Amino acid sequence: MPPLSAASLPPPEPFWRDTPVHRLMLTALLNELDASLLSAASATRTLEDWSIRHHLAPIPTVRAICQQTPPRPCPAALREALRLPADAAPDTLRYRHVRLMCGNLTLSDAENWYLPSRLTDEMNRELDTTETPFGRVTAPLAFTRRLVQAERVWSPLPLGWELSLLPAGSGQPLAFPPVLFRHHAVLSRQDGTPISAVIESYTAGAFCFPPPAIPDASQTAAP
């Protein structure tokens with residue numbers, strides 16, 4: 001998918017700084033969120049739980065803000081996972097491009113190719129006319145999720161950091177890239193029938209909360 005540009009997303013608040021401790025904390029948090037999303041069927045529910053836990057907004061409800069993006073072809077690997085014949089009609093798949101937002105924070109930019117014929121009429125109506133995330137609309141299907149590809153786009157720490165001296169850092173607010181990691185996945189009904197293919201690009205919006213305070217060793221040392 002076309003990469004998000006830095007100008008297309010508001011920058012996160014400068015809670016996190018370019019220090020070894022903050023980079024270590026972010027590495028742990030990034031791994032935690034990535035693992036939670038990979039182990040869950042619904043990315044929407046996982047992001048909402050994360051938003052509640054980290055107080056990302058006064059009302060931590062995740063909304064799907066539809067983007068007026070021209071439909072683009074489903075990538076070959078995902079199309080194959082959807083079990084679509086090569087001669088399937090162009091309107092077999094419907095394209096939905098949304099930003100999953102909590103308050104004014106973008107948590108994920110998601111492209112979705114879904115099969116309307118495998119959903120109910122009510123589900124299709126809701127997807128066409130509301131900002132309800134796909135996972136919430138189709139939750140009655142109790143769908144399962146299969147990962148096709150995972151991409152770690154950014155790491156707070158350099159490769160091999162555990163074998164060398166940690167960079168001292170500048171102490172300045174940490175600059176996040178537009179995308180941190182990306183998942184390609186297929187959602188299927190309980191009988192194994194695929195209903196949707198998604199590419200989800202997760203952003204720094206999920207980390208717009210203050211890091212924990214670090215105790216002052218001089219004040220906690222035993223007398």
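Which residues lie nearest the centre of the largest cavity? Select Thr44, Phe134, Gly135, Val198 and Glu200, which lie nearest its centre among the 18 residues of the lining.

**Before you start**

This is a predicted model, in which local features need pLDDT of at least 70 and side-chain atom pairs count only at pLDDT 80 or more, while totals for chains, interfaces and linings use all residues. Residues are numbered from 1 along each chain as its sequence is written, and side-chain values use heavy atoms, with hydrogens and water left out.

**The whole chain**

Show the chain as a cartoon. The chain has six helices and six strands; these are DSSP runs numbered from the N terminus, helices being H or I with at least four residues and strands being E with at least two. Followed from the N terminus, the elements run α-α-β-α-β-β-α-α-β-β-β-α. Along the principal axes, the C-alpha atoms fill a box of roughly 75 × 35 × 35 Å.

Next, colour by accessibility. Of the 223 residues, 45% count as buried; buried means under 20% relative accessible area, exposed means over 50%, and partly exposed lies in between, with a 1.4 Å probe and protein chains only. Contacts (heavy atoms within 4.5 Å) can also be counted over the chain: among those with a separation of 6 or more, 72% join residues 24 or more positions apart.

**The largest nonpolar core**

Select Trp16 and Phe207. These two touch the most other members of the largest nonpolar core, which has 31 residues. Such a core is a set of buried Ala, Val, Leu, Ile, Met, Phe, Trp, Tyr and Cys residues joined through side-chain atoms within 4.5 Å. Two or more residues of this core come from each of α1 (20-39), α2 (43-53), β1 (62-66), β2 (94-102) and β3 (105-114). The largest share, six residues, is from α1. Another core, of 12 residues, lies apart from it and includes Leu84, Trp113, Val186 and Ile199.

Stay on Phe207 and show its surroundings. Neighbours within four places in sequence aside, Phe207 is in contact with Trp16, Leu26, Leu29, Leu30, Leu33, Trp50 and Leu180. In soluble globular proteins, nonpolar side chains tend to be buried together.

**Thr46 in helix α2**

Move to Thr46, which sits in helix α2. Is Thr46 buried or exposed? Thr46 counts as buried, at 12% relative accessibility. Its side chain reaches the backbone oxygen of Ser42 at 3.1 Å. This is a polar contact, a pair of N or O atoms within 3.5 Å; within protein, one must be able to donate a hydrogen and the other to accept it, and residues adjacent in sequence count only if both atoms are side-chain atoms. Beyond four places in sequence, Thr46 touches Ser36, Leu37 and Ala40.

**Back to the cavity**

Rolling a probe the size of a water molecule over the atoms shows where empty space is left. On a 1 Å grid over the protein atoms alone, a cavity is a set of points where a 1.4 Å probe fits but cannot get out; a pocket is an open set with protein on both sides within 12 Å along at least five of seven lines, and lining residues have an atom within 4 Å of a point. Grid points are joined across faces, edges and corners, and a volume is the space filled by probe spheres set on the points.

The count comes to one cavity of 30 Å³ or more. The largest cavity has a volume of about 180 Å³. Select α2, β2, β3, α5 (134-137) and β6 (194-202): each gives two or more residues to the lining. The lining divides into 10 nonpolar, four polar and four charged residues. Here Ala, Val, Leu, Ile, Met, Phe, Trp, Tyr, Cys and Pro count as nonpolar, Asp, Glu, Lys and Arg as charged, and the others, Gly among them, as polar.

**Two loop residues**

Finish with His55, in the loop between α2 and β1. Its phi is near 55°, a positive value in a residue other than glycine. His55 is exposed, with a relative accessible area of 68%.

Then pick Arg83, in the loop between α3 (76-81) and β2. Arg83 is not a glycine, yet has a positive phi of about 60°. At 57% relative accessibility, Arg83 counts as exposed.
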